[in-house]
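Student: I would like to go through the labels given to parts of this structure. For each one, please set the value against the rule.

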Amino acid sequence: PGSTTGAHGKGWFPSTMTQCRSHGCKPGRLLVALCIALALAGVFSTAQELDANARAGPARVAFFTCPKPMTESTETSQRNAVGSWKAIGGEVLLVGPDVSEADAQSLGAKAVRTSRVTQEGVPLLDDIFEAAQQATDADVMVFINTDMVLTSSFMRALDAVMEHAERFVEPTLFNTTQRYLEEFTPLVEPQNAEQASSGEPFAGTLPLPTLNERERKPTKNFMMVGRRTNLAMKAPLTFDDQGLWEKELHSLAAQLGQLDDPRALDYFAFR
């Protein structure tokens, strides 16, 4: 999603014309996102001081993604990715205008249909975000590309970020409609000659974001991102209860993986 992804929690949506990047990615590679706890050590050095009772129970995390159609070149990578999110305890939402109910059921995921697309048929990113957030009551949303494999180290890092936010972030409540109009120029045609000559921004027929009840409450917002490690894998992963798949994957990544540059951000966890 580039620089237009909202960093202020569930109430602030990206630009109306932003396209879902994962829908247009080149297939054929499995990109493994391994979140290393050491990367957070400097930022969260006070984690040991945090109150263990700051939050009641484990966080409910929902991963949402805009998948490609299941083909010979994409099926294994997508099933590996979605399987890993389920294995580490996440809810999975497959979001888009052409999401297959059968594919979602076979993956243990929920299909969430959207309708707004560009002239080329590419789904709009703000529509993806809004539909996903309306489809779950999870505590944390994670927008992620459909070929990113995560391990439980991601959840440990997320827990550290959430504890930091609970301790140090002030609760905020955004006026979503006002922020949306202030930050993004409406991409619609003037409704009359007076609007066209005024030179002022106008709402026109702009579809404004909606809020459900949980978004109307003050929230200790945060956003967490991370770099991916590239690792070519063609075989399906077997997700066992003992976590052996994680150990093997971490070992392979350490031997054969390549940490991508800082622009390789393929997940965005936020509240």
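This is a predicted model: local features need pLDDT of at least 70, side-chain atom pairs count only at pLDDT 80 or more; totals for chains, interfaces and linings use all residues.

Tutor: The protein has seven helices and 10 strands. Of its 271 residues, 46% count as buried. Its accessible surface comes to about 14000 Å², with 52% of that belonging to carbon and sulfur atoms.

Student: What share of the contacts with a separation of 6 or more is between residues 24 or more positions apart?

Tutor: Such residues account for 80% of those contacts.

Student: Why is the pair of aspartate 139 and arginine 60 called a salt bridge?

Tutor: The rule asks for a side-chain nitrogen of Lys or Arg within 4 Å of a carboxyl oxygen of Asp or Glu. The closest N and O atoms of aspartate 139 and arginine 60 are 3.1 Å apart, so the pair meets the cut-off of 4 Å. Aspartate 139 sits in the loop between helix H3 (125-134) and strand S5 (140-144), and arginine 60 in the loop between strand S1 (31-32) and strand S2 (61-65), so the bridge ties together parts 79 residues apart in sequence.

Student: What makes aspartate 139 and arginine 60 partly exposed?

Tutor: Partly exposed covers what lies between the limits for buried, under 20%, and exposed, over 50%. Aspartate 139 has a relative accessible area of 26%, and arginine 60 has 42%, so both are partly exposed.

Student: How do you know that glutamate 75 and arginine 79 are separated by about one helical turn?

Tutor: They are four residues apart in helix H1 (residues 75-87), which means about one helical turn. Glutamate 75 is partly exposed at 31%, and arginine 79 is partly exposed at 28%.

Student: Is aspartate 127 buried or exposed, and how do you know?

Tutor: Its relative accessible area is 11%. Buried means under 20%, so aspartate 127 is buried. Its salt-bridge partner, at 3.8 Å from N to O, is arginine 116. Arginine 116 is partly exposed, with 22%. Aspartate 127 lies in helix H3 and arginine 116 in the loop between strand S4 (110-113) and H3, so parts 11 residues apart in sequence are tied together.

Student: Which residues do salt bridges with shared partners join into one network?

Tutor: Arg60, Asp137 and Asp139. The count of salt bridges comes to nine.

Student: How many aromatic pairs are there, and why is the pair of phenylalanine 64 and phenylalanine 143 called tilted?

Tutor: A search of the whole structure finds nine aromatic pairs. In this one, the centres are 5.3 Å apart and the planes are at 40°. Phenylalanine 64 is in strand S2 and phenylalanine 143 in strand S5, so the pair ties together parts 79 residues apart in sequence. Phenylalanine 64 is buried at 0%, and phenylalanine 143 is buried at 3%.

Student: What makes the pair of phenylalanine 64 and phenylalanine 270 edge-to-face?

Tutor: The planes are at 85°, with the centres 6.4 Å apart. The cut-off for edge-to-face is over 60 degrees, so the pair is edge-to-face. Phenylalanine 64 in strand S2 and phenylalanine 270 in strand S10 (residues 265-270) are 206 residues apart. Both residues, phenylalanine 64 and phenylalanine 270, are buried.

Student: Which residues do ring pairs link into a cluster?

Tutor: Phe63, Trp85, Phe154 and Tyr267.

Definitions and conventions: Residues are numbered from 1 along each chain as its sequence is written. Side-chain values use heavy atoms; hydrogens and water are left out. Helices (H or I, at least four residues) and strands (E, at least two) are DSSP runs, numbered from the N terminus. Buried means under 20% relative accessible area, exposed over 50%, partly exposed in between (1.4 Å probe, protein chains only). Contact means heavy atoms within 4.5 Å. Accessible areas come from the Shrake-Rupley method with a 1.4 Å probe; for residues, only the protein chains shown count as cover. Rings of Phe, Tyr and Trp (its six-membered ring) pair if their centres lie within 6.5 Å; planes under 30 degrees apart count as stacked, over 60 as edge-to-face and the rest as tilted.
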